[in-house]
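Biologist: Please put the model on the screen. I will ask about its strands and its confidence.

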Amino acid sequence: MLRLLAILSLLLVSTFSMGQSVISLEVNTTDDDNNKKLGGVKVEVYKNGKLFMTKTSASNGKVPPLDLPVEEGATYQVFLKKTGYVTKMASIDAHYDYPEDLPPVLPWAFSTALFQEVEGVDFSFLETTPM
């Protein structure tokens, strides 16, 4: 019985120590016209086509960290939206062939600038073509 408990304990410890890795995505947004920090940008993250999370940038242009699990077959689309501005999209392939080689957290920071809509110009391709 004691031997069985020792084996189960060892399995539990190894399971928790090999926890799933996450991409900790840090997004900074600016206005493309004046290069000032852009608050109120809504960031929508879709995992394999389904809404996964939504966050909004603060007045300093920073979005709270977005933790995206690294797992087999996982892809993420990150949409940056603000009324009066052109929506942009980034695509992230979050699978890895050897997950045991990854650290628990993979920090990834990126900055992007949104530009204002222009009457009569169709920028909708930016919603389907990753930046």
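Modeller: A definition comes before the pairs: two strands pair if DSSP finds at least two bridges between them. Helices (H or I, at least four residues) and strands (E, at least two) are DSSP runs, numbered from the N terminus. This is a predicted model, in which local features need pLDDT of at least 70, side-chain atom pairs count only at pLDDT 80 or more, and totals for chains, interfaces and linings use all residues. Residues are numbered from 1 along each chain as its sequence is written, and side-chain values use heavy atoms, with hydrogens and water left out.

Biologist: Which residue of β7 does T30 stand opposite?

Modeller: Strand β7 covers residues 105-114 and runs parallel to β1, with 10 bridges joining the two. One of the pairs places I23 with L106 of β7 as its bridge partner. For T30, the residue opposite in β7 is A113.

Biologist: How many bridges pair β1 with β4?

Modeller: Strand β4 spans residues 66-69, and its pairing with β1 is antiparallel. Within β4, P69 stands opposite V22. The number of bridges between β1 and β4 is four.

Biologist: What is the order of the strands in the open sheet?

Modeller: The sheet has three strands and mixed pairing, in the order β4-β1-β7. Its edge strands, β4 and β7, each pair on one side only. From one strand to the next the twist averages 30 degrees (axes are lines fitted to C-alpha atoms, and angles run from 0 to 180 degrees between N-to-C directions). The order is β4-β1-β7.

Biologist: Why is β1 largely enclosed by the rest of the structure?

Modeller: Buried means under 20% relative accessible area, with a 1.4 Å probe and protein chains only. Strand β1, residues 22-31, is largely enclosed because the buried residues among its 10 number eight.

Biologist: Is T87 buried or exposed?

Modeller: T87 lies in the loop between β5 (75-81) and β6 (88-93). Beyond its neighbours within four places in sequence, its contacts (heavy atoms within 4.5 Å) are F79, L80, K81, L126 and E127. With a relative accessible area of 12%, T87 is buried.

Biologist: Which element has the lowest mean pLDDT?

Modeller: pLDDT is the predictor's confidence in each residue, from 0 to 100. The chain has a mean of 83, and 85% of its residues reach 70 or more. Over residues 1-18 the pLDDT is below 50, and that stretch has one contact in the model beyond near neighbours in sequence. The highest mean, 97, belongs to strand β3 (residues 50-56), and the lowest, 34, to helix α1 (residues 2-17).

Conventions
Buried < 20%, exposed > 50% of the residue type's maximum accessible area, 1.4 Å probe, protein only.
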